[in-house]
Amino acid sequence: MEKKVCIVTGAARGIGLATSRLFHSHGYEVVMVDRDFIELEKNSKSMEHTYVLDCDVSIPEQVSELFDKVQNKYRRLNCLVNNAGVAEFGPIESVSYSDWRRVMATNLDGVFLCSQAAIPMLKNSKGSIVNIASISGLRASTLRVSYGTSKAAVIQLSKQQAVELGEYSIRVNCVAPGPVKTK
């Protein structure tokens, strides 16, 4: 029986690395994705059956290339964990538009792009998508205008995905953690 395949974005550290380790411990082939390839390679060395890929999820061409590589290598996908994210913290009046766009491009556009690219393979496997939002997307707080807004949008996007993709037996869930200590 072929092992299940999971893609985890933002897998170089934190929640993404911990999630990769968890899937690995359950026997999955884990595709670890991050734009910090040096850290990604270093932290993946202890796990067999991982495939590490350098990808910035905010760049459509890189996302397309990522999913082409996964399709060519495995011919299947069972789970996508959209975890890649960036944060800019500061007063609303001092957030530059370029910082705003960088956060939205990674935290929201990246989820959209990766999910859309994964759909054909997930239809075949009747797989799942897990989007990582944040408690900052559920409640407003100071100094988090771009981050909190992007994570609130991820929560809504997850609901849209669940309604649409359920028709194909693709499950979509979203988690909204607060501060998390990972190894």
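In this predicted model, six strands form an open sheet: the 6 strands follow the order β3-β2-β1-β4-β5-β6, and their pairing is parallel. Strands of a sheet pair through backbone hydrogen bonds, either parallel or antiparallel. At the edges stand β3 and β6 (171-175), each with a single partner strand, so one side of each is left without a neighbour in the sheet. From one strand to the next, the twist averages 15 degrees.

V8 has M32 as its bridge partner in β2. Towards β4 (residues 79-82), β1 is joined by 3 bridges, again in a parallel arrangement. Here V8 stands opposite V81 of β4.

Helix α1 (residues 14-25), together with β1 and β2, makes a right-handed β-α-β unit. From β2 the chain then crosses through helix α2 (residues 37-44) to β3, and this β-α-β crossover is right-handed as well.

Attention now turns to helix packing. Two packed helices are described by the angle between their axes and the distance between the axes. For helix α3 (residues 60-74) and α4, the axes come within 9 Å and cross at roughly 25 degrees. Angles under 35 degrees count as roughly parallel, and α3 and α4 are therefore roughly parallel to each other. Their crossing is right-handed. On the α3 side the contact is made by P60, V63, F67, V70 and Q71, and on the α4 side by L113, C114, A117, A118 and M121.

Helix α4 also packs against helix α5 (residues 145-165), at an angle of about 15 degrees and with the axes 8 Å apart. That angle makes α4 roughly parallel to α5. Here too the crossing is right-handed. The residues of α4 that make the contact include W100, V103, M104 and N107, and those of α5 include V145, S146, Y147 and T149. Further along, the contact also involves V111, F112, S115 and I119 of α4, with V154, L157, Q161 and L165 among the residues of α5.

T106 lies in α4, which spans residues 97-125. Is T106 buried or exposed? Its relative accessibility is 4%, and T106 therefore counts as buried. Apart from neighbours within four places in sequence, T106 is in contact with R35, V57, S58, A84, G85, V86 and V111. Of these contacts, V111 is also one of the α4 residues that make the contact with α5.

The loops complete the picture. Most residues other than glycine have a negative phi, and most peptide bonds are trans. K126 has a positive phi of about 55 degrees although it is not a glycine, and its place is the loop between α4 and β5 (128-132). L143, likewise not a glycine, has a positive phi of about 70 degrees. This residue lies in the loop between β5 and α5, and because its relative accessibility is 43%, L143 counts as partly exposed.

S169 is found in the loop between α5 and β6. With a relative accessibility of 38%, S169 counts as partly exposed. Leaving aside neighbours within four places in sequence, S169 is in contact with K126 and G127. The C-alpha atoms of S169 and S128 are separated by 8.5 Å, although the two residues are 41 residues apart along the chain.

Notes: Residues are numbered from 1 along each chain as its sequence is written. This is a predicted model: local features need pLDDT of at least 70, side-chain atom pairs count only at pLDDT 80 or more; totals for chains, interfaces and linings use all residues. Side-chain values use heavy atoms; hydrogens and water are left out. Two strands pair if DSSP finds at least two bridges between them. Helices (H or I, at least four residues) and strands (E, at least two) are DSSP runs, numbered from the N terminus. A crossover is right-handed if, with the strands pointing away from the viewer, the path from the first strand over the helix to the second runs clockwise. Buried means under 20% relative accessible area, exposed over 50%, partly exposed in between (1.4 Å probe, protein chains only). Contact means heavy atoms within 4.5 Å. Axes are lines fitted to C-alpha atoms, for helices over the stretch in contact, and angles run from 0 to 180 degrees between N-to-C directions. Angles under 35 degrees count as roughly parallel, over 145 as roughly antiparallel, 65 to 115 as roughly perpendicular and the rest as oblique. A crossing is left-handed if the near helix is turned anticlockwise from the far one by less than a right angle, and right-handed if clockwise.
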